[in-house]
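Have the sequence and the coordinates open as you read.

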Amino acid sequence: MALNLNEDTEFNDALRKHGILPPREPPPTTPSPPSSPRLQEALQDLTADELRELEDDIEDDDLKRTVDVFRRQRLVDEQKIIKRARFGRVYPIGRDDYTREVTEASKINEEDDQDERGTGVICFLYKDGIPRSDRTFNHVRELAGRYPRTKFVSIVGDKCIADLPDSRIPMLVIYRKGEIRNQLVAWGADRERRLEELEAILMLSGVIDPPEHPFQRGERARDQTGDSDEEDDDPSSRMRSAATRTNARAPKNIRGQPKKDDSDSEFEFDM
């Protein structure tokens, strides 16, 4: 009877023990399958704290390692976002602060900005007691908290532009890299405006940026609550329409042509 020296038997083990047979080669290890796209998509939406909680609940070692890799990367992403969040609220300014806090501030690049895009700055001109101005101010405050990489400042309208009529209130003057990118005059005078409309125009003007990472979009969706009086069948299309109407409106200058030695030249806005 012929012997199969590759069989796993006690006799062959004894031969290997005494060096008669060479040691058996270990069986090849089966590599861990890559995480499925569906799993990766689910992990992309989670914050570092949520990933840690998930990791603590997992018993499978391979899956635990996958979650840990995502968690470590998420910590890096979150630290980068925190570093870029320089603002986060509305800063009141005076007329004498305008050049420094608006025009010059919009020229400042973020620390890791390789494209030198400058900073988005929105100057909000308002007057208390005008309903559309008060409502827009609430929207501006919310957007300032939602987009802390963008600087929002506020100033009473006629403190910025002398004799600015109430019919032009509220105004939003939108800057980036030292230039006016857009102007919204008498915002909400034609009809009641939604926060999402203003948000869309600021995004189209290039002064606020959409969330960089999927987990930021997930956080925002979880934080937002519905508002029944602001529902719309297709809000995204209406926002695009509002942005188009505003940008297409032919501007006219309320102050006329600036004089060569006019000290108010910083405030020559197209109206």
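This is a predicted model: local features need pLDDT of at least 70, side-chain atom pairs count only at pLDDT 80 or more; totals for chains, interfaces and linings use all residues.

## Rings and charges

Arg193 sits over the face of Trp187, 4.3 Å from the ring centre. To count as over a ring, NZ of Lys or CZ of Arg has to be within 6 Å of the ring centre and within 35 degrees of the ring normal. Residues are numbered from 1 along each chain as its sequence is written, and side-chain values use heavy atoms, with hydrogens and water left out.

As for ring-on-ring pairs, there are five aromatic pairs in the structure. One of them joins Phe87 and Tyr91, edge-to-face with 6.3 Å centre to centre and 85° between the planes. Rings of Phe, Tyr and Trp (its six-membered ring) pair if their centres lie within 6.5 Å; planes under 30 degrees apart are stacked, over 60 edge-to-face, and the rest tilted. Phe87 counts as partly exposed because its relative accessibility is 21%; buried is under 20% relative accessible area, exposed over 50%, and partly exposed in between (1.4 Å probe, protein chains only). Elsewhere, Phe124, Tyr126 and Phe137 make up one aromatic cluster.

Strand β4 (residues 171–176) has six of its six residues buried, so it is largely enclosed by the rest of the structure. Strands (E, at least two residues) and helices (H or I, at least four) are DSSP runs, numbered from the N terminus. Met171, Val173 and Tyr175 point one way from β4, while Leu172, Ile174 and Arg176 point the other.

What does β4 pair with? It runs antiparallel to β2 (residues 120–126), joined by six bridges, and antiparallel to β5 (residues 179–185), again through six bridges. Strands pair if DSSP finds at least two bridges between them. Leu125 has Met171 of β4 as its bridge partner, and Tyr175 has Ile180 of β5. The β4 and β5 hairpin has two residues between the strands, and Lys177 takes a positive phi near 55° there.

## Two nonpolar cores

The largest nonpolar core has 20 residues, with Phe152, Leu172, Leu198 and Leu202 making the most contacts inside it. Elements giving two or more residues to this core are β2, α6, β4 and α8 (195–204). A second, separate core of 19 residues includes Ile93, Leu125, Cys160 and Leu164. A core here is a set of buried Ala, Val, Leu, Ile, Met, Phe, Trp, Tyr and Cys residues joined through side-chain atoms within 4.5 Å.

Leu198 touches Thr136, His139, Val140, Leu143, Leu172, Leu184 and Trp187, leaving aside residues up to four places away in sequence. Contact means heavy atoms within 4.5 Å. Thr136 belongs to helix α6 (residues 131–146) and is buried, at 3% relative accessible area.

## Cysteines

How many disulfides are there? The count comes to zero, a disulfide being a pair of cysteine sulfur atoms within 2.5 Å. For Cys123, the nearest cysteine sulfur is that of Cys160, 5.4 Å away. Cys123 is buried, with a relative accessible area of 0%, and Cys160 is likewise buried at 0%.
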